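The sequence and structure are shown below.

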Amino acid sequence: MLREFLAELDEIYVKNHVGLQESLKIMCKHSNGKKMFLSFSRKNVNKTAENILKSLSCGDSITDSFASCDYLNFDSSFMSFIELGEKTGDLRRIVSYLKNK
């Protein structure tokens with residue numbers, strides 16, 4: 001599921017240069033048109049995006065928002081990269097790197 005989440009985030013946030021919060025909003029709404037029949041993976045991508053977006057909206061940092069996600073547990077290596085991207089302002093490049101890792 002991490003691959004699906006990163007692929008979608010990369011497509012919207014990195015390739016289309018949409019802001020992070022707006023990208024997550026789009027990911028929350030994306031349902032392939034058949035909400036009743038979403039795959040387990042698709043539902044978790046939606047829930048992960050929703051959870052991170054909610055945390056960001058409450059004023060949490062990007063790193064803390066990813067770390068507090070209930071639907072996908074990001075490992076410490078992943079979180080180190082997210083933190084690096086947040087601190088350096090180069091999160092787009094980090095997301096792209098993680099997607100291809």
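## Packing of α1 against α6

In this predicted model, helices α1 and α6 pack with their axes 9 Å apart, at an angle of about 145 degrees. Their crossing is left-handed.

On the α1 side, the contact is made by Arg3, Leu6, Ala7, Leu9, Asp10, Tyr13, Val14 and Lys15, which meet Leu91, Arg92, Val95, Ser96, Leu98 and Lys99 in α6. Sorted by class, the residues of this contact comprise eight nonpolar, one polar and five charged.

## Packing of α1 against α2

Helix α1, spanning residues 2-15, also packs against helix α2, which spans residues 20-29; the angle is about 125 degrees and the axes lie 9 Å apart. With that angle, α1 is therefore oblique to α2. The crossing of this pair is right-handed.

The residues of α1 that take part are Phe5, Glu8, Leu9, Ile12 and Tyr13, and they meet Leu20, Ser23, Leu24, Ile26 and Met27 in α2. Eight nonpolar residues, one polar residue and one charged residue make up the contact. Leu9 and Tyr13 of α1 take part in the contact with α2 and also in the contact with α6.

## Packing of α5 against α6

The axes of α5 and α6 come within 7 Å and cross at roughly 155 degrees. The two helices are therefore roughly antiparallel to each other, since angles over 145 degrees count as such. Their crossing is right-handed.

From α5, the residues Phe78, Phe81, Ile82, Leu84, Gly85 and Glu86 meet Leu91, Ile94, Tyr97 and Leu98 in α6. This contact contains eight nonpolar residues, one polar and one charged. Within α6, Leu91 and Leu98 meet α5 and also meet α1.

## The largest pocket

The largest pocket has a volume of about 190 Å³. Its lining consists of Leu2, Arg3, Leu6, Ala7, Asn73, Phe74, Asp75, Ser77, Phe78, Leu98, Lys99 and Lys101. By class, six of these residues are nonpolar, two are polar and four are charged.

Three helices, α1, α5 (76-88) and α6 (91-100), each supply at least two residues of the lining. Helix α1 gives the most, with four residues. Several lining residues also belong to the helix contacts described above. Arg3, Leu6 and Ala7 line the pocket and take part in the contact of α1 with α6, as do Leu98 and Lys99 from the α6 side. Phe78 is another lining residue, and in α5 this residue belongs to the contact with α6.

Definitions and conventions. Residues numbered from 1 in each chain as written. Predicted model: local features only at pLDDT ≥ 70, side-chain atom pairs only at ≥ 80, totals over all residues. Heavy atoms only, no water. Axes fitted to C-alpha atoms, helices over the stretch in contact; angles between N-to-C directions. Parallel < 35°, antiparallel > 145°, perpendicular 65-115°, else oblique. Left-handed = near helix turned anticlockwise from the far one by under 90°. Contact = heavy atoms within 4.5 Å. Nonpolar A, V, L, I, M, F, W, Y, C, P; charged D, E, K, R; others polar. 1 Å grid on protein atoms, 1.4 Å probe; cavity = no way out; pocket = protein on both sides within 12 Å on 5 of 7 lines; lining within 4 Å. Points joined across faces, edges and corners; volume = space filled by probe spheres on them.
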